[in-house]
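Here is a short report on a structure with its sequence. Look at both as you read.

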Amino acid sequence: MSITELPKALADQSKVPSSTETKSSSTTNACRMCMPLGACLAYVGFEGTVPFLHGSQGCATYIRRYLISHFSEPMDIASSSVGEAATVFGGEENLRVGVANVSRVYKPLMIGLASTCLTETIGEDVPGMITRIKDPETGLRAETGQATPELVFAPTPSFAGTHADGYHAAVTAVVKELAEVGEETESVNLFPGIVSTADLRHLSEIVAGYGLPHALIPDYSERLDGVTVARYEKLPGGGTTATAVAGAGHALASITLGGMVTPGVDLAGEVLQEQFGVEHLRMPLPIGIRLVDTFTDRLTELSGQPMPHWLDAERGRLVDAYIDGHKYAADRTAIVYGDEDLVVGVTAFLSEIGIKTLLVASGGRSGQLTTEIAKLTPARAADIEVLDDGDFHEIEARAAELKPDLLIGHSKGYATSRRLGIPLIRVGLPIHDRVGAQRLRHLGYRGTQDLFDRVINTLIQVRQDESAVGYAYM
Amino acid sequence: MKKPEEMPALPVKALAAIDLEAVGALDLSCPDPGLAMPMGSPEPNQLVRNLVQNYPPRLLRKRSRHIKVNDPIEVPKIEANSRTSPGIITQRGCCYAGCKGVVLGPITDIVHIVHGPVGCSYYAWMTRRNQADVPEGDQNFLNYAFTTDMTENEIIFGGEKKLAKAIQEAYDLFHPKAIAVFSTCPVGLIGDDVHAVARQMKAELGINIFGFSCEGYKGVSQSAGHHIANNGLFTNVVGTEELPPELKVNPWRVNLLGEYNIGGDAFEMERILARCGIQLVSTFSGNAQYSELARSADANLNLVQCHRSINYMAEMMESKFGIPWMKVNFIGAQATAKAMRKIARYFGDPELIARVEVVIAQELAEVEPVRNAIRARTNGRPVMLYVGGSRAHHYQSLFADLGMPVVAAGYEFAHRDDYEGSVVLDSITIDADSRAIEELTIGPDPERFAPRKTEAEIAELEAGGLKMATYEGMMPEMTKGSVVVDDISHAELEQLIEAYKPALVCSGIKDKYVIEKMGIPCKQLHNYDYGGPYAGFKGAINFYTEIDRMVNAQVWRLVTPPWAAKKPA
């Protein structure tokens with residue numbers, strides 16, 4: 001692909017509406033990461049897959065160190081280590097040698113390839129290279145005598161989108177490559193989006209509770225929240241299997257949670273609907289009682305089963321907790337920032353417990369944020385500022401003005417929180433200044449319960465610390 | 001703390017008691033030999049063959065040149081600073097990381113604008129733990145990440161206009177003393193001329209603005225970025241300002257090169273220098289401000305800590321201004337004492353020599369009891385180090401203090417001289433990747449060149465056992481039979497851990513959890529696991545305590561459950 005024939009993702013960018021009228025030329029303290037990071041994260045959620053970035057090795061190194069510091073787990077990302085000469089003569093040899101080396105040392109089932117700014121700018125034709133690697137006469141197998149793993153490719157230049165876009169581009173690439181037609185099954189495809197490993201496990205538990213066979217695509221809950229055992233595995237187990245992805249092509253239905261992407265990025269669920277006729281429904285991340293109800297209603301529809309007792313009990317306990325805690329939350333205010341999917345869910349949740357969200361901010365560029373927020377909080381839509389394609393310079397300026405009681409978002413808001421003296425509740429990715437990011441729950445009644453307790457306890461703590469007497473009963 | 005306002009008082013009696021002749025007789029030039037390999041270590045030659053046996057033939061041959069069994073006397077030739085094989089999962093980063101992330105990034109009052117798509121700026125945003133104690137009221141941009149956030153529009157039509165606007169915006173917002181611009185991969189490819197934009201904006205705004213062509217694909221690792229950063233700093237900043245006369249009174253004026261103040265290391269070095277009465281003009285670039293670097297040409301000696309990242313600067317400053325340089329190592333209590341003695345001997349002033357001895361004695365009196373208590377629990381336990389371009393060497397001094405032998409070590413992005421010593425510099429083959437990085441030819445400055453020592457004086461110092469403008473490599477200071485691996489891959493690291501079962505591995509976050517999943521504690525020597533400082537005397541105490549805590553932690557005993565342990569193997 002040369003830069004004159006840009007993919008859809010790039011071509012539609014200029015149409016993204018910006019909420020701020022005088023957009024600055026620079027970004028100060030960004031509120032989004034790059035596409036290859038999202039792609040690597042998604043690839044790790046497929047069984048036996050090694051993510052592989054075609055480009056300068058710095059991209060793989062930076063992204064590894066970033067994801068590792070969030071998950072506290074090993075994260076191997078290979079690179080074709082493209083150097084200066086290859087920028088002139090092309091990086092095909094680097095890619096081919098890299099694939100051969102990864103195949104030999106890691107023996108993966110699949111290599112998840114993604115491009116970078118470098119290789120997209122020089123117009124590398126990665127699909128063509130893959131065809132040549134797979135060629136029975138001249139390909140790698142003929143050259144090395146070794147089987148070549150499955151190779152998938154997602155174009156992910158950082159200049160074209162966000163980490164969320166890269167994540168979905170990779171999921172879609174895998175689904176396009178592996179999904180098969182077949183007789184319709186009872187299975188449900190669940191596309192969870194970028195959520196914590198604890199969330200992934202909980203989602204599986206909820207769907208299984210309805211007796212529904214399902215494929216969580218992708219599922220990095222085991223690989224990025226692994227156990228310590230006596231013997232270390234280079235390529236840890238876990239992840240969505242190729243068989244499960246093949247079955248996605250003839251599943252009963254697909255559900256995409258979130259899925260707010262830059263216009264032009266295809267969602268896997270959409271592709272399955274268009275190419276395989278699998279019914280697709282997109283819904284917000286199930287955070288807060290109403291959004292979890294929407295999700296569980298859908299599961300009842302699909303399974304014909306009522307809500308399992310244990311889940312119903314969790315819902316009941318959550319309502320009980322809302323009642324117990326509502327006096328602390330009422331009329332408090334918050335600024336929510338981070339991935340678009342997450343901020344939408346969190347804002348909907350906050351509106352249920354009486355906390356007024358003053359500003360919803362994201363570095364995302366889907367252009368849907370304002371509409372989504374308005375849909376979920378119609379009563380307050382006019383009072384909630386929405387900042388998309390934003391950065392922390394803008395968020396902090398608004399925070400200084402709006403003086404909220406809480407900031408809710410990832411670790412990058414810490415500096416703002418510290419400067420303005422506003423407590424920060426950490427959610428989402430990246431969290432690299434606390435332990436346990438992988439164990440944080442946000443989804444389902446249970447995840448909402450955790451979130452609720454953290455929010456209320458933070459508010460209580462502030463009141464307690466401010467109290468002159470030092471009350472111990474709050 | 002940074003620059004002593006007045007000479008700190010030291011006990012007169014202690015100063016008078018120093019035997020200057022004995023101090024003068026100390027040999028400060030010999031390499032410190034590493035501790036011998038522990039009994040029962042695996043046979044190294046077979047181990048080295050095993051390390052590469054799974055590779056395809058071409059990779060096997062290439063990797064074999066990077067892996068050597070050490071001999072400190074007949075140092076074997078090791079290949080380094082050559083291109084990483086694609087797909088082996090290296091620890092290495094890119095040219096941009098070396099330039100912006102390592103060398104320039106720590107300077108507190110420069111606005112660093114990353115010209116490129118969003119990721120590069122994001123990932124270098126406070127990722128290295130450079131610290132700074134910026135004076136009240138002075139500017140500090142350490143926790144900012146500025147980027148032009150290029151989108152496809154700039155990739156197609158060019159990003160120079162957006163860069164110029166970003167510079168203007170940064171200027172309007174902050175009015176900084178200087179702005180530096182860093183190029184990421186697409187910039188060079190689409191032909192943006194960051195230097196032209198920098199020049200134009202410099203003329204327009206009247207502050208120093210300069211660019212770096214540090215695109216990620218240049219060179220073979222972050223090392224290329226260090227070199228580009230050195231060139232740019234030297235050309236655009238060093239010597240552009242003069243020290244005011246009141247700061248030129250103390251003749252013991254030094255720059256500290258290649259110290260980035262991770263975890264507060266530079267604070268400790270500043271403290272020790274200040275106690276001895278030595279004036280620190282500037283640090284490249286930990287806890288540094290722009291003007292300090294601009295005035296650095298007025299120092300009388302350059303001290304080089306991390307030679308890998310900064311030796312270019314030391315040599316260029318000697319050629320242009322006549323400032324001699326020497327290698328120092330402030331990592332390890334004994335190493336710090338040696339570094340301070342070298343500085344004192346260079347200046348040759350009996351007052352300074354005595355002051356340094358008194359400070360060393362006082363500081364070691366605090367270090368030794370801690371070291372002795374901990375050494376009882378660490379002695380003889382093997383260590384491996386895979387990190388950086390000089391740290392894997394420097395930290396061996398701290399482990400020697402603790403009696404822990406280094407059985408295997410290597411660098412991420414070092415060159416042959418970092419392994420074998422500066423003696424091999426002339427025999428290093430320049431390949432295409434290195435040739436692509438500009439080598440500046442520097443002559444004496446017609447007005448400012450002033451040799452701080454005559455050739456005869458330097459010769460006399462060297463005859464007395466003080467080596468100038470040279471450094472020891474890691475291998476002459478490692479024991480015979482230890483294994484040295486350059487640009488180690490994950491797979492190789494795992495095999496070495498299996499073979500040596502070390503008590504501790506020092507590495508970075510990319511390997512940390514792999515190592516710990518194998519049941520071995522991992523000390524991060526890039527960001528110190530959020531600890532530090534580890535430099536100097538107080539840093540040594542911190543490090544000993546930290547290592548004791550790690551290698552003797554209870555948690556490692558819980559990895560294998562009791563029912564599994566009971567089963568026959």
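Where is the place of A:Pro218? A:Pro218 sits in the loop between strand 7 (214–216) and helix 11 (242–248) of chain A. Helices (H or I, at least four residues) and strands (E, at least two) are DSSP runs, numbered from the N terminus.

This is a predicted model, in which local features need pLDDT of at least 70, side-chain atom pairs count only at pLDDT 80 or more, and totals for chains, interfaces and linings use all residues. Residues are numbered from 1 along each chain as its sequence is written, while chains are lettered from A and ligands numbered from 1 in the order in which they are written.

| Bond | Omega |
|---|---|
| A:Ile217 and A:Pro218 | about -10° |
| B:Phe284 and B:Ser285 | about 5° |

B:Ser285 belongs to strand 7 (residues 279–285) of chain B.

**Positive phi**

A:Ser72 is not a glycine, yet its phi is positive, near 55°. A:Ser72 lies in the loop between helix 3 (57–71) and strand 3 (78–79) of chain A. A:Ser72 is partly exposed, because 19 other C-beta atoms lie within 10 Å. A residue is buried with 20 or more such atoms within 10 Å, exposed with 12 or fewer, and partly exposed in between; C-beta atoms are placed from the backbone. A:Ser81 also has a positive phi, of about 45°. A:Ser81 is buried, because 29 other C-beta atoms lie within 10 Å.

**Between the chains**

In chain B, 64 residues are in contact (C-beta atoms, placed from the backbone, within 7 Å) with 61 residues of chain A.

Key
Two residues are in contact if their C-beta atoms, placed from the backbone, lie within 7 Å.
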